[in-house]
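Me: I would like to learn how to read a few local features from a set of coordinates. Could we work through a case?

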Amino acid sequence: MTNKLQKPHIIYHMLTSLDGKVSGDFLNAPESKKLCNEYYRLHKEFKANAFLCGRKTMQDSFTGDELPNLSGYDLWHWDRNDYIAFPNAEFYAVAIDIHCKLNWQAAYITDEDPGYDNAYIIEILCENAPDAYLAYLQSKNISYIFAGKERLDLHLAMHKLKTLFGIETLLLEGGGITGSKFVEEGLVDEYSLVVSPTFQGNSGVSLIHEELTNVQQAYLVEQCQL
């Protein structure tokens, strides 16, 4: 590993409310739902190598809440070495899953939207991940990388995505807590915001008012007027 960590170009691509929230009930408003197609259109236009979400967003979108059945894997023991199943895939789905809860059924995502379909999965884990979960992922031929012993090291994770998988452009697509961590670590290079003409209010995770004031580059790519 070189002294200077490398990273992909990271674009924080989100649907937000007018008051800068990226989570909350506003996402269920008719106005927000109408903008989903625009959000997905932009997702494909970026032609990124990968998209990344936190565990909860991946559960909501792809795996469901049922935990993986690890009963057949409890006798396996593995060294904490990165497992690279598909180093040359065209598109990756990167999941931050430090609690090892995602119940993947295959090495790639199956989704009706072609912007997500056939994305090969990469799990970001800490070294305290259970051996049984590592065996489970290997049985599905799912790649995983380690970034930190017990606490996630996002800079190391991004370095590995760039150097081990050749990911040049990464779309950061939620959730709000995951996005906030990337902003706090100074890892976001660009913002792509699809703005819904709705207000969330005091609840929900804020992006614009609390975070964008401290960044140098922000692009409002789509705004729907009231």
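Me: Leaving aside its neighbours within four places in sequence, which residues is asparagine 49 in contact with?

Reply: Bear in mind that this is a predicted model. Asparagine 49 is in contact with Glu90, Phe91 and Tyr92, and also with Gly166, Ile167, Glu168 and Thr169. The C-alpha atoms of asparagine 49 and phenylalanine 165 are separated by 9.5 Å, although the two residues are 116 residues apart along the chain.

Me: Which backbone nitrogens lie 2.8 Å or 2.9 Å from a polar atom of the side chain of asparagine 49?

Reply: The one at 2.8 Å belongs to glutamate 168, and the one at 2.9 Å belongs to threonine 169.

Me: Where is asparagine 49 found, and how is its accessibility classed?

Reply: Asparagine 49 sits in the loop between α2 (36–45) and β2. Buried means under 20% relative accessible area; asparagine 49 has 24% relative accessibility, so it counts as partly exposed.

Me: Now the helix. Which residues of α3 are buried?

Reply: In general, an α-helix has 3.6 residues a turn, so residues three or four places apart point the same way. In α3 (residues 55–63), the buried residues are Met58, Gln59 and Thr63. They cover an arc of only 105 degrees around the axis, which puts them on the same side of α3.

Me: What covers the buried residues of α3?

Reply: The cover includes β2 (50–54) and β3 (92–96).

Me: What follows α3?

Reply: Glycine 64 does, with a positive phi near 80 degrees.

Terms used:
Residues numbered from 1 in each chain as written. Predicted model: local features only at pLDDT ≥ 70, side-chain atom pairs only at ≥ 80, totals over all residues. Heavy atoms only, no water. Buried < 20%, exposed > 50% of the residue type's maximum accessible area, 1.4 Å probe, protein only. Helix = DSSP H or I, 4+ residues; strand = E, 2+ residues; numbered from the N terminus. Arc of directions from axis to C-beta. Contact = heavy atoms within 4.5 Å. Polar contact = N/O pair within 3.5 Å; in protein donor to acceptor, adjacent residues only side chain to side chain.
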